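Hi there,

Here is the structure I promised to pass on. My notes on its salt bridges and one of its sheets follow below.

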Amino acid sequence: MQNAVEVQAKAGKYLTFRLAKEEYGVEILKVREIIGLMPITRVPKTPEFVRGVINLRGGVIPVVELRSKFGMESEADTNETCVIVVEIMKQKEPVQIGILVDSVSEVMDIAGADIEATPSFGVELDTNYILGMAKTRGTVRILLNIDRVLTNEELESVGNTPG
């Protein structure tokens, strides 16, 4: 269980985005850029949640479809669908990956007082990838620990894409 000091430490700026009807947030310091949907090359034998790879200024970046990763129903891409390029840590090395989201909302300054610890859903459910729950403007936003959204094994499979 998280204590008040840990929750307070999570205060800061977050880029918020939508998946289905839910709002999520990721620490702005993890975000490298936001790009519109571009051609994504599917890579054989990658996990279902890996949409493929993109060529971003000469670099090959894997793209993870968060809807699929979170077990949500897939939907057709729209003109608001975009890729948020984030920097995560893989074995103490920074790695860039793209996360495919339905739409980007805004950058929000979220106070520690507005963040609650992740509720307990039972022993069987791993919620390590959730930093906390932000209650702002009458809505609950799920704040993601983007470094933990993918497990080490999943990072290995994503990291083995050509590039």
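A search of the whole structure finds twelve salt bridges, each being a side-chain nitrogen of Lys or Arg within 4 Å of a carboxyl oxygen of Asp or Glu. Please keep in mind that this is a predicted model, where local features need pLDDT of at least 70, side-chain atom pairs count only at pLDDT 80 or more, and totals for chains, interfaces and linings use all residues. Residues are numbered from 1 along each chain as its sequence is written, and side-chain values use heavy atoms, with hydrogens and water left out.

Helices (H or I, at least four residues) and strands (E, at least two) are DSSP runs, numbered from the N terminus. Arginine 67 also forms a salt bridge with glutamate 75 (3.7 Å, N to O). Arginine 67 is buried at 5% relative accessibility, while glutamate 75 is exposed at 55% (buried is under 20% relative accessible area, exposed over 50%, partly exposed in between; 1.4 Å probe, protein chains only).

Another salt bridge joins arginine 137 and glutamate 106 (2.5 Å, N to O). Arginine 137 lies in the loop between S10 and S11 (139–144) and glutamate 106 in S8, so the pair ties together parts 31 residues apart in sequence. Finally, Arg18, Glu23 and Arg141 are linked in a salt-bridge network.

Best wishes
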